[in-house]
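Me: Hey, could you walk me through this structure? I have it open on my screen.
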Amino acid sequence: MDEVRTRKYLRWFEVLDTDRDRLLAKPDLGLAADRLLAAHRVSLDSDQGRRTRAVAEGFWTHFIAPKDGTGEQRIDEATFLVSVEKRVMSDRIAAGAKLAPIADAYFAVADTDGDGTIDDAGFTRMLAALGDVPDPDCAPLFEHLDNDHDGTIGPEEWRHAFYGFFLSPDPKCPANMLMGAL
């Protein structure tokens, strides 16, 4: 795996490791989703809250959980990188299809007024919840991701950024910063 994606995936591991024990388990992904929901004042018990949590926990199955038959329920960074490399890097088209539901669920949470876009405030709240990204880092990233310069991020712009974070080896890809500084 190239250095850029290794750094991004290690940052993703850090973001997902909600209890900071240097191990990931399926509940960590649900707790990460809970942070996003809380930041946007979405009830965990609402349909959207349950759906977002379920999709986030589905990441465990699709991208993280070891498929080596060990039955491990917690994994370290090295195992995480091996799992993600096998599942993301081996088939980018399949990975994109598996990333779409989580990208869409996170978009729906951040689209607080239901107009089909994310404004700068919603984007900033989302990045703070997902990766503890400082406010000053959000504005320039928002501008880069707002490809049509309409002052909002639409669903296609968001998916492009989300896919860029997970799939792009380009060290200059603005989406590299979605989970915070590398």
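Reply: Happy to, and below we go from the overall fold to one helix pair and then to the cavity. Keep in mind that this is a predicted model.

Me: Good to know. How many helices and strands does the protein chain have?
Reply: There are eight helices and two strands in the protein chain. Going along the sequence, they come in the pattern α-β-α-α-β-α-α-α-α-α.

Me: And how compact is the protein chain?
Reply: As compact as a globular protein of that length, because its radius of gyration is 15 Å, close to the 16 Å that the globule rule gives for 182 residues. Along the principal axes, the C-alpha atoms fill a box of roughly 50 × 40 × 30 Å.

Me: Let's switch to helices. At what angle do H2 and H3 cross?
Reply: Their axes cross at roughly 145° and come within 8 Å. The crossing of H2 and H3 is right-handed.

Me: Which residues meet there?
Reply: On the H2 side, they include Leu29, Ala33 and Leu37, and among their counterparts in H3 are Ala56, Phe59 and Trp60. The residues of this contact between H2 and H3 divide into eight nonpolar, four polar and four charged.

Me: New topic: cavities. How many are there of 30 Å³ or more?
Reply: The count is one cavity of 30 Å³ or more. The largest cavity has a volume of about 100 Å³.

Me: Which residues lie nearest the centre of the largest cavity?
Reply: Those are Trp12, Leu16, Tyr106, Leu130 and Met179, out of 15 residues that line the largest cavity.

Me: Is that lining mostly nonpolar or charged?
Reply: Nonpolar: the lining residues of the largest cavity divide into 14 nonpolar, no polar and one charged.

Me: Which helix gives the most to that lining?
Reply: H2 does, with four residues. Helices that each supply at least two lining residues include H1 (3-16), H3 (47-64), H5 (92-110) and H8 (155-167).

Definitions and conventions
Residues numbered from 1 in each chain as written. Predicted model: local features only at pLDDT ≥ 70, side-chain atom pairs only at ≥ 80, totals over all residues. Heavy atoms only, no water. 1 Å grid on protein atoms, 1.4 Å probe; cavity = no way out; pocket = protein on both sides within 12 Å on 5 of 7 lines; lining within 4 Å. Points joined across faces, edges and corners; volume = space filled by probe spheres on them. Nonpolar A, V, L, I, M, F, W, Y, C, P; charged D, E, K, R; others polar. Axes fitted to C-alpha atoms, helices over the stretch in contact; angles between N-to-C directions. Left-handed = near helix turned anticlockwise from the far one by under 90°. Contact = heavy atoms within 4.5 Å. Rg over C-alpha atoms; globule rule 2.2 N^0.38 Å.
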